[in-house]
Number of protein chains: 2
Amino acid sequence: MTNIEYLTSYVNQFVETIKQAGVKHIVMCPGSRSTPLAYGFAKSDGFAFYRQTDERSAGYFALGIAKATKEPVVLLCTSGTAAANFFPAIVEAFYARVPLLVVTADRPHELREVGAPQAIDQIHLFGKHVKWSVDFPLPEVDTAGLAFMERHIHRAVSTSKSAPMGPVHINVPFREPLLLNMEQSLPITEMEVSEVGKLVPSNDFTEWYLDLLMREDKGLIIVGDSIHSTEGFWEFARTVQWPVIVDPLSNLRTSVPDDCMELCIDQYDALLKNEAFKQTAIPNVVIRFGAQPVSKPLTLFLKACKPKVFIVVDDSPLFRDSIHAVTHHVQVETNTLWIPIEEKQASSYLHNWSKANGIATKHIQAYIANEEDEGALAGILFEALPDGVDLFASSSMPIRDVDTFFNKTKKDIQIYANRGTNGIDGVVSTALGVQAATNRHGYLLIGDLAFLHDVNGLIVSRFHQTNCTIVIMNNDGGGIFSYLSQSTETHYFEQLFGTPTGLEFSHIAAMYDAQYDAVHTKEAFQQALMQPKTTDIRIIEVFTNRQVNTETHQKLWVGISEELDSSWKV
Amino acid sequence: MTNIEYLTSYVNQFVETIKQAGVKHIVMCPGSRSTPLAYGFAKSDGFAFYRQTDERSAGYFALGIAKATKEPVVLLCTSGTAAANFFPAIVEAFYARVPLLVVTADRPHELREVGAPQAIDQIHLFGKHVKWSVDFPLPEVDTAGLAFMERHIHRAVSTSKSAPMGPVHINVPFREPLLLNMEQSLPITEMEVSEVGKLVPSNDFTEWYLDLLMREDKGLIIVGDSIHSTEGFWEFARTVQWPVIVDPLSNLRTSVPDDCMELCIDQYDALLKNEAFKQTAIPNVVIRFGAQPVSKPLTLFLKACKPKVFIVVDDSPLFRDSIHAVTHHVQVETNTLWIPIEEKQASSYLHNWSKANGIATKHIQAYIANEEDEGALAGILFEALPDGVDLFASSSMPIRDVDTFFNKTKKDIQIYANRGTNGIDGVVSTALGVQAATNRHGYLLIGDLAFLHDVNGLIVSRFHQTNCTIVIMNNDGGGIFSYLSQSTETHYFEQLFGTPTGLEFSHIAAMYDAQYDAVHTKEAFQQALMQPKTTDIRIIEVFTNRQVNTETHQKLWVGISEELDSSWKV
């Protein structure tokens, strides 16, 4: 065999094994050293193949696809700092438990550690933030090398898909020349079937658990991000008749069945700011499925009331409990414990929660109708969302506004956010990745700093069809800091935290040929939302004021709290 | 002491120690967990204090400052993926040997590994790409902690400044509340004086070396990037009378004394493409100071001729020799071996080189005068550069065009590029960092993909005064690939390597209120360069054609080679 023939064999086998392992999406960043794999994937049928020239954005784009599909996505780049640009998305994937198959091309061994260009030490480059990392041998004709590669690709894919899901890293060195024989056919490959078993609880535990559900009235169910599916949840909850706190990322606030509307508590963030209500709401038992919720008042409430039994159901041993209050960690797939019981009656404890939730909802709805601040405008957006779309919420204020202003609904809307590490980086790309995977119309709610941070996320729209409406809340700077203690220290506040850039994004819309609306009033926003979308990317930029936002939000909490006080206080 | 008092003491001491250690520049990214240090630096006198909201760009901005000043720069961010965004600049700093003091704020221990928001595992986050990493204790009142902090800051600064210079990482956890007592004065701190000795060669070596310089006529000096200073070099070279190959990043092509013009060989890249010339140019001895040069023909020439003595002078044991040809590695500061000898006569070997260099220069100058492609336009730019400015060349084509078209000159122009890992990421930011440090007018020559990659580098111009002219060679895609073997494979070439985005940057100029010219001809480019600069950032976008560039460059090499052939061939 010639060099080019065995390089081609190696690459063909690499690509074919990735396909056999079930991977369907490839995100590639252009570069030289990765040429053989780029050609290999490009000429193979059966992959959705995406390109992005900014590797940081590419990483988050792949993350978005994997987040939506819950399947590993190949993220490919050349050697050097290209790979280092993947790091933020890899860290997010690690903590958000999103499967990624990071493939970095590398220089051959003789060009490592000798000052060769674009040669960095890529072995274990991503440290503790990948689940597994392997350095491949140089392409060689010996079948031992091919078999090693085949088995390790299967291992990488299995590792990435096993609980907790996460990123894995394959480093692949190539020696020049980097060109393939494009006509050479595939070698015969050995197949390998990889099956991952399912974790089930013990009979003893299940018995105790079902008994607990039956006999306890003051129980609270919390559902957070990263449950595998919502299927079967409401059938279970309906029989238990405990209030259900639905974090927006649980995707249980949408497609809510009629007879579960009372169970579904979506205003806990407002309610748990009120002392009088909190006294009446203390649970004996809490069961949480999935990740910790976004709401800080909820977190503080759970920390303060320290329920006697606090069960967390999670498919991995890396359990999440930042308040150190969990009493039972149960490592099974979340839906395994959605076992309907003999149907119970609604308790006064449930009525208490749902009455309070109704009060808060009334205030929130009035607020959306009457106010003009970011929260009210977010509420307007959520009400206007059509059935069958996806909503991506940026970190910082947007996810909090979703938590407060996104009311439970029968509409089918999937809500996504990056909550592994809560960064405001890579948000545009992740939203576009989700959209590419689901193929539904995506809405992105984002602040000006986060949009600016990943403005390069839009580059994919130059190479691929997209369908996304981006609503930018432009309050000219870091809005969230106005809600934190930093805002009490007026020295340097604008300089260190406000950081107003004075930038506006009509120019970006023009650069990317995107439909654009600048909106300064609520009425204009409502009108813009009614206009048809005419380009792949649509940008609606809403200009708001950080100080007004903070003050108006404050007024809302006071209004709700006063009515709760008068309803519950002695 | 109250919590706030000892937090303030800790932060005051942290900031004061950084100052005592000689650090002068702080680059900060806004965030919450880093609040105490942000306030600490902001309220302290004596630092140049910069802000950038995109952490990736901030990393490269700090790198630019450190590259120009050769002093460690503090790069500060909050916890979470903010820190991961620093990774590309840290990797570049590691390989380019640029001192950085990376300071990441972290969550306290009780919020690590429990799923708390924005908490990632930051200990040894940057792996093998920092020289040293330390995790600080939580702020505490005990003076043992303060003394530990003080000594470790000094150690970090010393490590970062010692050969090979590079990035170090300090991880600093803080517990809430994060506010300082702004009025509290500094505690008394112990001083620590850190002095780094100087490496000197042995007497035996020096004797052998001086004898070699005296007796050998067929010697070649090569000077690359990352020598500490150019002072004293020409006094030395003048006495040795060997041809001197000056990589543009040696900064020996500018401020060349009259009587050294003949020694200064700047057209080696063109000459060493010619077989006939190469046969006459083989040296017996090569001495290289600093990093490996940019030129590939030079590298291939050295690899082929394998000189009997090939000395590399470098201040660190991590010596760079990607062609495995070096015979002597001498670990001393580069200028230590610039020892003038008894003045020699010019040899025929030197005349051979300088005659060929003259031929190539004549062709290059005619090319710049007569052609219209990117190379000629780059030449036009270099000729137009005023005395006393800096030039930053992006990786990929611009640095190669500098290598070819930047002729030796008496003008004082410093040339910079990122050659640690040769990435096209972070280029705008590094150039602006250099400009911030030198305070001279900076010129940046960059391609469209690299400009787009770090378009967020411009954000610093919203917070700080800048003075930079950016010349974008917009050939709509990855121009360099047309020169590589990939271009022979027409399947998928545009899709995988050309990657035309169709974007143009007048919109970016408008967004950042920057003076802007779109240029389609050489004449228009010349006119634009003569126009006065009216804004901090000026953008000149030059539209070129990838295919024309490749073909015209090719013609140049053929022209030079033919004349060399007729001059040297039998």
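Which residue's side chain meets that of D390(A) in a salt bridge? In this predicted model, the partner is R440(A), with N and O 3.0 Å apart.

Chain A as a whole contains 21 helices and 18 strands. Its C-alpha atoms fill a box of roughly 90 × 60 × 45 Å along the principal axes. The radius of gyration of chain A is 25 Å, which agrees with the value near 25 Å for a compact globule of 570 residues. Of the 570 residues in chain A, 65% are buried. An unreviewed UniProt entry assigns residues 12–124 of chain A to "domain: Thiamine pyrophosphate enzyme N-terminal TPP-binding". This span, residues 12–124 of chain A, is 42% helix and 18% strand, and its end C-alpha atoms lie 25 Å apart.

Side chains of opposite charge can pair when their charged atoms come close. Over all chains, the structure holds 52 salt bridges. One of them pairs D121(A) with K128(B), with 3.4 Å between the closest N and O atoms. This pair crosses between chains: D121(A) is in the loop between β4 (100–106) and β5 (132–135) of chain A, and K128(B) is in the loop between β4 (100–106) and β5 (132–135) of chain B. D121(A) has a relative accessibility of 18% and counts as buried, because the cut-off for buried is under 20%. K128(B), at 41%, is partly exposed. Within chain B, the side chains of R112(B) and D106(B) form a salt bridge with an N to O distance of 3.0 Å. R112(B) and D106(B) are both buried. In chain A, R97(A), D314(A) and R320(A) are joined into one network by salt bridges that share partners.

The count of cavities of 30 Å³ or more comes to six. The largest cavity has a volume of about 70 Å³. Its lining consists of R288(B), Q292(B), P293(B), T299(B), L302(B), F310(B), D321(B) and I323(B). By residue class, the lining of the largest cavity divides into four nonpolar, two polar and two charged residues.

Backbone geometry was also examined. Most residues other than glycine have a negative phi, and most peptide bonds are trans. In chain B, a cis peptide bond joins A163(B) and P164(B), with omega about -15°. P164(B) lies in the loop between α6 (143–161) and β6 (167–173) of chain B. Another cis peptide bond joins E176(B) and P177(B), with omega about 0°. P177(B) is placed in the loop between β6 and α7 (203–215) of chain B.

Positive phi values occur at H324(A) and at N439(B), neither being glycine. For H324(A), phi is near 55°. H324(A) is in the loop between β11 (309–314) and β12 (328–331) of chain A, and is partly exposed, with a relative accessible area of 42%. For N439(B), phi is near 65°. N439(B) is in the loop between α15 (427–438) and β15 (442–447) of chain B. With a relative accessibility of 65%, N439(B) counts as exposed, because the cut-off for exposed is over 50%.

Conventions
Residues numbered from 1 in each chain as written. Chains lettered and ligands numbered in written order. Predicted model: local features only at pLDDT ≥ 70, side-chain atom pairs only at ≥ 80, totals over all residues. Heavy atoms only, no water. Salt bridge = Lys/Arg side-chain N within 4 Å of Asp/Glu carboxyl O. Helix = DSSP H or I, 4+ residues; strand = E, 2+ residues; numbered from the N terminus. Buried < 20%, exposed > 50% of the residue type's maximum accessible area, 1.4 Å probe, protein only. 1 Å grid on protein atoms, 1.4 Å probe; cavity = no way out; pocket = protein on both sides within 12 Å on 5 of 7 lines; lining within 4 Å. Points joined across faces, edges and corners; volume = space filled by probe spheres on them. Nonpolar A, V, L, I, M, F, W, Y, C, P; charged D, E, K, R; others polar. UniProt positions renumbered as here; feature names shortened; annotations may be inferred. Rg over C-alpha atoms; globule rule 2.2 N^0.38 Å.
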